[in-house]
Amino acid sequence: MTIEWYPGHMGKAHKQISELIRAVHVIIEVLDARLPVSSSNHLLEELRGNKPCIKVMNKNDLADPAVTKAWVRAFEKQTGVRALPLSAKQPREVNQLTRLCLRLAPTRGKPGRLLRAMVVGIPNVGKSTLINTLAGKCIAKVGDKPAITTCTQQIDLRNGIVLSDTPGLLWPDMSDQAAAYRLATSGAIGAGALDYTNVGLFAAEFMLQHYREPLRSRYNLTDVSESPADVLEQIGRRLGCLVPGGGIDLHRAAEAFLRELRAGKLGRVSFEEPGQDDGAAADAGVHG
Ligand code: G4P
């Protein structure tokens with residue numbers, strides 16, 4: 001089944017971001033560390049021109065550390081790009097971002113020569129969380145639905161940096177269905193656009209191929225089947241997702257499995273790696 005999902009007002013967002021980018025010194029692109037290519041927007045490469053860009057690999061607490069390291073190496077081969085894995089909820093980790101911004105624009109960050117930065121990214125990658133942690137208070141709404149504001153305010157972070165209070169909203173490339181399924185698995189796509197059973201099957205297949213042991217141990221599976229449908233059934237049975245008569249409610253099983261996977265209950269998992277053979281990494285100009 002094809003996943004289709006477009007957050008609202010995208011044409012307007014594109015125009016707004018290209019205007020805002022012109023006025024900033026550093027772009028802070030927020031990605032999901034578990035799927036840093038699928039959670040990116042390829043147009044940003046075009047829009048940013050020569051502006052320094054920090055790829056914040058957020059939700060690093062959920063991503064596979066070895067894969068994240070490989071992504072950092074791959075991203076930093078790109079001109080003007082630095083990659084920084086962090087958790088936007090952790091002020092200490094977010095402080096590294098401030099320091100990196102100031103290093104990338106060394107003539108800025110002084111009284112009268114403030115460094116202007118802007119946070120951009122697709123929905124649900126943690127832009128609002130990051131802005132709130134940077135500002136040390138709640139400014140942007142977390143978990144809020146994507147929206148465009150007509151008047152963007154500047155927040156003075158009082159460390160030489162000013163930031164727009166509204167993140168620039170980009171959108172993922174949903175024409176790549178493998179990427180769409182990875183996004184759906186990660187929780188980035190609105191629940192209304194999803195068929196949970198299909199996404200659960202995709203996730204079960206992925207876990208079978210890449211993280212079989214965590215899958216086996218989380219659900220205490222004595223015999224791990226090679227079939228994603230069987231695995232989802234086994235998980236449904238373990239989690240008590242039953243229909244009257246004792247059959248498995250696959251939809252509920254998929255929902256519960258995805259909830260656990262997204263919450264890190266199966267350990268730290270990354271859904272894509274540099275150099276993997278489905279075009280995602282190549283599209284981003286990244287070669288592992
Ligand atoms: P957005 O502005 O890019 O749309 O994203 P937002 O900050 O609203 O964050 C989307 C979800 O991701 C939120 O969860 C938020 O708590 C979570 N999140 C953000 N940063 C991190 C991180 O570094 N690690 C983890 N594990 N999660 C992160 P939510 O369930 O929608 O809201 P809430 O229940 O947490 O408030």
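Predicted model: local features only at pLDDT ≥ 70, side-chain atom pairs only at ≥ 80, totals over all residues.

Trainee: Is S87 buried or exposed?
Mentor: The relative accessibility of S87 is 7%. Buried means under 20%. Because 7% falls under that cut-off, S87 counts as buried.

Trainee: Which residues is S87 in contact with, leaving aside its neighbours within four places in sequence?
Mentor: Good one to check in the viewer! L130 lies 43 residues away along the chain, with its C-alpha atom 8.4 Å from that of S87. For contacts, once the neighbours within four places are set aside, the list is N58, K59, D61, E93 and V94.

Trainee: Why is strand β4 largely enclosed by the rest of the structure?
Mentor: Strand β4 covers residues 115–121. It is largely enclosed because, of its seven residues, the number buried is six.

Trainee: How many bridges join strand β1 to β4?
Mentor: β1 covers residues 26–32 and runs parallel to β4. One of the pairs sets V26 against A117 in β4. The number of bridges joining β1 to β4 is four.

Trainee: Which residue in β6 does L115 stand opposite?
Mentor: β6 (residues 161–164) runs parallel to β4, joined by three bridges. Opposite L115, you will find I161.

Trainee: In β7, what is the bridge partner of V120?
Mentor: β7 (residues 168–169) pairs with β4 in the parallel sense, over two bridges. The partner of V120 there is G168.

Technical notes: Residues numbered from 1 in each chain as written. Heavy atoms only, no water. Buried < 20%, exposed > 50% of the residue type's maximum accessible area, 1.4 Å probe, protein only. Contact = heavy atoms within 4.5 Å. Pairing = 2+ DSSP bridges.
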